[in-house]
Amino acid sequence: MAAITAKDVAALRAKTGIGMMECKKALVEAEGDMEKALKVLRERGLAVAAKKEGRIAADGIVDIMKDGDVSAMIEVNSETDFVAKNATFREFVDSLLKTIIAENPADIDALLASKYLDTNLTVSEKLKEMIFQIGEKINIRRFVRQSAPLDTGEGIIELLR
């Protein structure tokens with residue numbers, strides 16, 4: 001087994017955004033192999049996401065993005081408002097909006113099965129990774145995509161009803 005250095009742990013943390021101790025444990029379990037450690041972290045993320053499934057995610061954010069004449073709006077819930085203020089969570093929501101604009105999914109199931117923006121992961125896999133990274137249940141509640149310019153005010157609210 002190769003010696004695991006702090007540099008290795010830091011590199012894995014930079015790739016995943018997961019805590020240092022979890023990264024170190026994954027590297028130890030994978031005997032220093034970075035790819036195996038990533039797989040270990042994904043598997044742990046699935047287990048953590050399954051444990052959090054029964055929790056209530058009632059806080060979160062609604063965000064809107066416009067790209068040309070295509071507009072998208074999404075509501076993503078979390079367990080606490082602290083997560084909704086987290087930069088990593090907000091980047092995830094922005095990427096979800098970009099994915100919706102690019103992929104044009106019909107519903108939540110289609111969105112979850114879509115390829116997550118600029119990765120080899122599906123949105124569902126990335127969602128589970130985010131749950132593991134942030135440590136709270138995250139739920140994509142609803143979204144809408146419109147090819148015509150998006151109205152302001154009441155028109156936006158009506159789209160989500």
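Predicted model: local features only at pLDDT ≥ 70, side-chain atom pairs only at ≥ 80, totals over all residues.

Q: Which residues touch the most other members of the largest nonpolar core?

A: A nonpolar core is a set of buried nonpolar residues joined through their side-chain atoms. In this structure the largest one has 25 residues, and those that touch the most other members are Ile74, Val76, Phe89, Phe92, Leu96 and Ile138.

Q: Which helices and strands each supply at least two residues of this core?

A: The strands that do so are S1 (59–67), S2 (70–78) and S3 (138–146), and the helices are H4 (81–84), H5 (87–103) and H7 (123–134). Helix H5 gives the most to this core, with seven residues.

Q: Leaving aside its neighbours within four places in sequence, what is phenylalanine 89 in contact with?

A: Once those sequence neighbours are set aside, phenylalanine 89 is in contact with Ile61, Val76, Ser78, Val83, Ala84, Met130, Ile134 and Ile138. There is also a second, separate core, which has 13 residues, among them Val9, Ala26, Leu27 and Met34.

Q: How many salt bridges does a search of the whole structure find?

A: A salt bridge pairs a side-chain nitrogen of Lys or Arg with a carboxyl oxygen of Asp or Glu, within 4 Å. Five of them are found when the whole structure is searched.

Q: Where do glutamate 22 and lysine 25 lie, and how many residues apart are they?

A: Both are in helix H2 (residues 20–29), and because they are three residues apart there, about one helical turn separates them.

Q: Which parts does the pair of arginine 142 and glutamate 75 tie together?

A: Arginine 142 lies in strand S3 and glutamate 75 in strand S2, so this pair ties together parts that are 67 residues apart in sequence. The closest N and O atoms of their salt bridge are 2.7 Å apart. Arginine 142 counts as partly exposed at 29% relative accessibility, whereas glutamate 75 is buried, with a relative accessible area of 11%. The two also belong to a network of salt bridges that links Glu75, Arg141 and Arg142.

Q: Are glutamate 129 and lysine 126 buried or exposed?

A: To decide, the reader compares each value with a cut-off, because buried means under 20% relative accessible area. Glutamate 129, at 19% relative accessibility, counts as buried, and lysine 126, at 15%, counts as buried too. Their side chains meet in a salt bridge of 3.1 Å, N to O, and both residues lie in helix H7, three residues apart, which is about one turn of the helix.

Q: Where is asparagine 104 found, and where is the place of aspartate 118?

A: Asparagine 104 is in the loop between H5 and helix H6 (108–113), and it counts as partly exposed at 45% relative accessibility. Aspartate 118 is in the loop between H6 and H7, and it is exposed, with a relative accessible area of 71%.

Technical notes:
Residues numbered from 1 in each chain as written. Heavy atoms only, no water. Core = buried A, V, L, I, M, F, W, Y, C linked by side-chain atoms within 4.5 Å. Buried < 20%, exposed > 50% of the residue type's maximum accessible area, 1.4 Å probe, protein only. Helix = DSSP H or I, 4+ residues; strand = E, 2+ residues; numbered from the N terminus. Contact = heavy atoms within 4.5 Å.
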